[in-house]
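Please look over the protein and its ligand shown here. A short report comes after the display.

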Amino acid sequence: MADPQQHPAPYVQWFRNSAPYINAHRGRTFVVHFGGEAIESGAFATLIHDFTLLDSLGIRLVLVHGARPQIDARLAAAGLDATFSEGVRVTSAQALGRVVEANAAARVRVETLLSMGLPNSPMAGAKIRVSSGNFLVARPLGVRRGIDFGHSGELRRVDTEAIRSHLDQGSIVLISPIGYSPTGEVFNLHAEEVAREVAVQLNAAKLVHLCEETPIADASQSPLRELTVDEAEALLERRRSAPREASGTRLIAGAVRACRNGVKRVHLLDRGTDGALLLELFTRDGVGAMVSADAYDATRRATLADIGGVLELIAPLQAEGWLAERSRENLESEMDRYVVVERDGAIIGCAALFTYPESDMAELACLAVDASYRNAGRGDVLLEAIEREARDTGASRLFALTTRASHWFKERGFRDGRVEELPPPRRHAYDPTRRSKVMFKSLTGNRDADVRSTAAPAPVS
Ligand SMILES: CC(C)(COP(=O)(O)OP(=O)(O)OC[C@H]1O[C@@H](n2cnc3c(N)ncnc32)[C@H](O)[C@@H]1OP(=O)(O)O)[C@@H](O)C(=O)NCCC(=O)NCCS
C-alpha cells in the first residue's frame, strides 16, 4: 500500500471499509487451523502478527496446529518409517514418543512467537496470553480394514467449558492435535479434524483452514469462491462420480460437516498468500473459498425473470404508501434499471437508477428490502450499488423521493431538497398528492460525505 502520509485516500478508504467487519467480528469465536508446514515457513512470524491483530480486535481465537513434517523429520532421524493408511498416520508405540516431541516443539514455537513484543516489532505493546491444556479426550482408532492404527486416535470429547473460560479471560487458546484418554493414554489426532470438532462444539462463527493446497472448482480449474452447504454437497457428489481426484475434496467434505453441525462459515485459504487471513476477514470479496451454513445474498442486475419477485416484494410497500405505484408494464420496460438482492432464489431487495441526461442528476427509486431481512445492511448494499452506477453515468448528484424513510437517507449523506431542484421531466411527473420528500446527495466525494456512504456494506461473511 502507498505511504499513507503521501497518499492518504486509499488508506483511509481501506480503513473505513474494514470498519463494518471489525464490528461484526468482535466477540465472535474463530477457530484457525494451520499445518506444521506453516510453522516451518519463513512467513510464520507474519502469520503470528495477523493472529495477534485478530486478538486485539476482540476476536476470540482458538488456534489448532498440525505437526506432520516435524513428526516425519523426527521419525526419519530415529530410523522409523512414516506409515499412513487412507491418509491417516499409523502411530506405533515407538513412533508415539516422536509424535509427542514434535507437537511439544511446535507448540513451544507458536507460544514463543506469540510472546514476543519487541518495541520495533508489529507486536510492540501487545500483551498476548496463550493457553494450552488437556482439552481433548480421545479414544483409539483401533483396527480398521485389518490395519491397527496403534496410538492414532479419534476425538471423543472437547472440554469446551475449559476452552471458553480461557477465551473469557482474554487468552488465545492453542490446541495441539494430541488427545488423552481417561485410562491415561496419549493419542495422535488429525489436526484438521480436531479443528473442525472444536469449532462445532464451541459453536464457532468461523472455522478457517490455512491450506497448503487450495481447493479448485472442477470444470474451470479456477479457485473455488463462495458455496452454500448444498452447493458444496453437490460438488462433492459430482466428484464422487468423476474419476479424477480434484484438490481439497477432504477439506470441502469437512466444511460441509462443520456447517451442518452449527459452524456458520468455513474458509479455506491459501497459506502462502501474504495477509490471506486479513483479506478474507476484512474485505468484502475475500481471497479464499468459503462454505456457508446459510445461503448468502447475491446483489446483481435484474433480468426480466425477476419481475415476479420484484412485484411480490414491492406490492405490500405500495399498498401501504411507502413506495409509488409501479405496474407490471412499467417494470417490464424498466427492469434493466434495477439491481436486486437474491437469496436462495428469492428477491429480497431491489433498487432502481433513473438517469436524466440533460442534468447532472440521477434518481434512486424503488429502494426496498423485504421486512424479514431488514437491518442487516442490505439497504446500504443497494444504495452503494446505485451510487456506483450513478457515478459511472457521470452524475454528480443523486436524489430520492421518499414518504417515510427520509431519516434513513439523511443518515447516509442525503439532505432535504425542493421539488424545484429536480430535473424538469421528474419535476413534471412529481405527484403532489404523495407529498414525498425530495432528498439530494452529492456524489463528488466531498468532505461532508457521510462515512456510512463510503464504507463497505455490512459483511455477509
Ligand atoms: C429503507 C429500507 C430500504 C432499509 O433497508 P435495510 O436493509 O433495513 O437497511 P439497512 O440495514 O442498511 O439500515 C438499517 C438501519 O436503518 C434504520 N431505518 C430503517 N428504516 C428507516 C426509516 N424509515 N427511517 C429511518 N431509519 C430507518 C434502521 O433502524 C437501521 O438503523 P440502526 O441499525 O441504527 O438500527 C427498508 O427499511 C425498506 O424497504 N423500507 C420500505 C421502503 C422505503 O421506504 N424505501 C425508501 C423509498 S425509495
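**Overall picture**

This is a predicted model. The protein has 461 residues, and 47% of them are buried. Its secondary structure comes to 16 helices and 23 strands. Among contacts with a separation of 6 or more, 70% join residues 24 or more positions apart. The protein exposes about 22,600 Å². Carbon and sulfur atoms supply 50% of that area.

**Nonpolar cores**

In soluble globular proteins, nonpolar side chains tend to be buried together. Here the largest nonpolar core has 42 residues. Those with the most contacts inside this core are Val31, Val62, Leu136, Ile163, Ile175 and Val198. Helix α7 (residues 191-202) gives the core its largest share, seven residues. A second, separate core has 37 residues, including Val32, Ala38, Ala205 and Val208.

Take Val198 from the largest core. Neighbours within four places in sequence aside, Val198 is in contact with Val31, Val62, Leu136, Val158, Ile163 and Ile175.

**The ligand site**

The ligand is surrounded by 20 residues. The closest are Leu367, Val369, Asn375, Gly377 and Gly379.

| Residue (backbone N or O atom) | Ligand atom | Distance |
|---|---|---|
| Leu367 | nitrogen | 2.8 Å |
| Val369 | oxygen | 2.8 Å |
| Gly379 | oxygen | 2.9 Å |

Taken alone, the ligand exposes 910 Å², and the protein buries 77% of that. The shell around the ligand divides into ten nonpolar, five polar and five charged residues. Several elements supply at least two shell residues each: β20 (361-369), α13 (378-392), β21 (397-402) and α14 (406-410).

**A buried serine in a loop**

Where is Ser152 found? Ser152 sits in the loop between β8 (147-148) and β9 (153-158). Is Ser152 buried or exposed? Ser152 counts as buried because its relative accessible area is 1%, and the cut-off for buried is under 20%.

Which residues is Ser152 in contact with, leaving aside its neighbours within four places in sequence? They are Arg89, Val90, Thr91, Pro140, Leu141, Phe187 and Asn188. With Thr91, the side chain of Ser152 also makes a polar contact of 2.7 Å.

Notes
Residues numbered from 1 in each chain as written. Predicted model: local features only at pLDDT ≥ 70, side-chain atom pairs only at ≥ 80, totals over all residues. Heavy atoms only, no water. Core = buried A, V, L, I, M, F, W, Y, C linked by side-chain atoms within 4.5 Å. Buried < 20%, exposed > 50% of the residue type's maximum accessible area, 1.4 Å probe, protein only. Helix = DSSP H or I, 4+ residues; strand = E, 2+ residues; numbered from the N terminus. Contact = heavy atoms within 4.5 Å. Near = heavy atom within 4 Å. Polar contact = N/O pair within 3.5 Å; in protein donor to acceptor, adjacent residues only side chain to side chain. Areas by Shrake-Rupley, 256 points an atom, 1.4 Å probe, with all protein chains shown as cover. Nonpolar A, V, L, I, M, F, W, Y, C, P; charged D, E, K, R; others polar.
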